[in-house]
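I open this notebook to record what I looked up in one structure, entry by entry. The sequence and the model come first, and my notes follow.

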Amino acid sequence: MGRELTIGNWYKADISIKGSIEAKLGFGDGRMFKMTKEHLVIILRFDLEFKIKPIPLTEDILLKCEGVKHDFNDWYIIEFKDYEMCVNIIDKSLTIGDDYSERLISSNLEYVHQFQNIIFALTNEELEINL
């Protein structure tokens, strides 16, 4: 997991840091947080990567993302910047393009941070998620 920790991505903390560090970083058992530079420094400094867990990409979380709407069945449309993408929540796939020129981007999209990283790679902009 350590190699996948990216500033701006959402994770779940399976950790409780006592005192002022916890207050500053907002960590808590099972609490979701958006990774900041300060989080990353503390996590790496105290070798806590194993305590940071990925957040599964679910229908509820997808609908909290900027530009996402339910299309039909297990499909969700993402209109972000100049791209139109489709996510299938059951088969964990992300495609880009319209119905006639669709291209598979990812076939193993399980976690929120993976989704964020793909969107950033395509658009060079961070996807807003209201968690």
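**Entry 1**

I looked up the pairing of S6 and S7 and found an antiparallel pair joined by four bridges. I take helices (H or I, at least four residues) and strands (E, at least two) as DSSP runs, numbered from the N terminus, and two strands pair if DSSP finds at least two bridges between them. The model is predicted, so local features need pLDDT of at least 70 and side-chain atom pairs count only at pLDDT 80 or more, while totals for chains, interfaces and linings use all residues. Residues are numbered from 1 along each chain as its sequence is written, and side-chain values use heavy atoms, with hydrogens and water left out.

Cysteine 86 has threonine 95 as its bridge partner in S7. The hairpin of S6 and S7 has four residues between the strands, and lysine 92 there takes a positive phi near 60°.

I then turned to S5 and S6, which run antiparallel and are joined by six bridges. Isoleucine 77 is partnered in S6 by cysteine 86. S5 and S6 also form a hairpin, with two residues between them. In that turn, lysine 81 has a positive phi of about 55°. I noted a further feature of lysine 81: its charged end sits over the ring of phenylalanine 80, 5.2 Å from the ring centre. The rule asks that NZ of Lys or CZ of Arg be within 6 Å of the ring centre and within 35 degrees of the ring normal.

**Entry 2: The open sheet**

In what order do the three strands of the open sheet lie? I read the order as S2-S1-S3, with antiparallel pairing. S2 and strand S3 (52-53) are the edge strands, each pairing on one side only. S1 and S2 are joined by four bridges, and S1 and S3 by two. Alanine 13 has isoleucine 52 as its bridge partner in S3, and tyrosine 11 stands opposite phenylalanine 33 in S2.

**Entry 3: An aromatic pair**

I searched for aromatic pairs, in which rings of Phe, Tyr and Trp (its six-membered ring) have centres within 6.5 Å; planes under 30 degrees apart count as stacked, over 60 as edge-to-face and the rest as tilted. The count comes to one aromatic pair. Tyrosine 11 and phenylalanine 33 form this tilted pair, at 6.4 Å centre to centre and with 40° between the planes. The pair links distant parts of the chain, 22 residues apart, with tyrosine 11 in strand S1 (residues 10-13) and phenylalanine 33 in strand S2 (residues 31-34).

Are these two residues buried or exposed? Buried means under 20% relative accessible area, exposed over 50%, and partly exposed in between (1.4 Å probe, protein chains only). Tyrosine 11 counts as buried because its relative accessibility is 0%, and phenylalanine 33 counts as buried because its value is 4%.

**Entry 4: Helix H4**

H4 has 12 residues and spans 17 Å from its first C-alpha to its last, close to the 16 Å expected at 1.5 Å a residue. That expected span is 1.5 Å times one less than the number of residues. Among the buried residues of H4 are Val112, Phe115, Ile118 and Ile119. The buried residues of H4 pack against several elements, including S1, helix H3 (59-62), strand S5 (75-80) and strand S6 (83-88). Contact here means heavy atoms within 4.5 Å.

Threonine 123 lies in helix H4. Threonine 123 is buried because its relative accessible area is 13%. Leaving aside neighbours within four places in sequence, threonine 123 is in contact with Phe80, Lys81 and Tyr83.

**Entry 5: After H4**

Asparagine 124 follows H4 and has a positive phi, near 60°. Glutamate 126 is in the segment after helix H4 (112-123). What is the exposure of glutamate 126? I record glutamate 126 as partly exposed because its relative accessible area is 34%. Leaving aside neighbours within four places in sequence, glutamate 126 is in contact with Gly8, Lys34, Glu66, Phe80 and Phe120. The side chains of glutamate 126 and lysine 34 are joined by a polar contact of 2.7 Å. A polar contact is a pair of N or O atoms within 3.5 Å; within protein, one must be able to donate a hydrogen and the other to accept it, and residues adjacent in sequence count only if both atoms are side-chain atoms.
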